[in-house]
Amino acid sequence: MQQITLKVSGMSCGHCVNSVEGAVKALGASGKVDLAGGTVTVDFDETKLSVDAIKEAIEEQGYDV
């Protein structure tokens, strides 16, 4: 397992938190958003998922990573 923290801009509310965490979860990873800090910490299996795929899934929700 690997853990990364990504800076995500554009998050401002609970809906944003749910969107980002949901996108990460749909990939089979675990994400925890720090709304005040504008980050998401993701735990994932690097043999099954890439950092680029995580970034892309978050960006598809309308946020900048």
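How many disulfides does a search of the whole structure find? The search finds zero disulfides, a disulfide being a pair of cysteine sulfur atoms within 2.5 Å. The model is predicted, so local features need pLDDT of at least 70 and side-chain atom pairs count only at pLDDT 80 or more, while totals for chains, interfaces and linings use all residues. Residues are numbered from 1 along each chain as its sequence is written, and side-chain values use heavy atoms, with hydrogens and water left out.

C13 takes part in no disulfide, and the nearest cysteine sulfur, that of C16, is 3.5 Å away. For C16, the closest cysteine sulfur is in C13, and this 3.5 Å is too far for a bond. C16 is buried, with a relative accessible area of 6%, whereas C13 counts as partly exposed at 31% relative accessibility. Buried here means under 20% relative accessible area, exposed means over 50%, and partly exposed lies in between (1.4 Å probe, protein chains only).

We turn next to the sheet. Helices (H or I, at least four residues) and strands (E, at least two) are DSSP runs, numbered from the N terminus, and two strands pair if DSSP finds at least two bridges between them. Three strands form an open sheet in the order β1-β3-β2, with antiparallel pairing. β1 and β2 (30-34) are the edge strands, each pairing on one side only. From one strand to the next, the twist averages 20°. Six bridges link β1 and β3 in the antiparallel sense, and T41 in β3 is the bridge partner of T5. β2 and β3 also run antiparallel, joined by five bridges; on this side, T41 is the bridge partner of K32. Four residues lie between the strands in the hairpin of β2 and β3, where G38 takes a positive phi near 70°.

α1 lies across β2 and β3 and runs at about 160° to β2. α2 packs on the sheet, where it touches β1 and β3, and its direction makes about 40° with that of β1. These angles run from 0 to 180 degrees between N-to-C directions, with axes taken as lines fitted to C-alpha atoms, for helices over the stretch in contact; contact means heavy atoms within 4.5 Å.

In soluble globular proteins, nonpolar side chains tend to be buried together. A nonpolar core is defined as a set of buried Ala, Val, Leu, Ile, Met, Phe, Trp, Tyr and Cys residues joined through side-chain atoms within 4.5 Å. The largest such core has 17 residues, of which V40, V42, I54 and I58 touch the most other members. At least two residues of this core come from each of β1 (2-7), α1 (14-26), β3 (39-44) and α2 (51-60), and α1 gives the largest share, four residues. With neighbours within four places in sequence left aside, I58 is in contact with L6, V8, V20, V24, V40, Y63 and V65.

Finally, S9 is found in the loop between β1 and α1 and is partly exposed, with a relative accessible area of 39%. Beyond its neighbours within four places in sequence, S9 is in contact with Y63 and D64. S9 and L35 are 26 residues apart in sequence, and 9.7 Å separates them in space, C-alpha to C-alpha.
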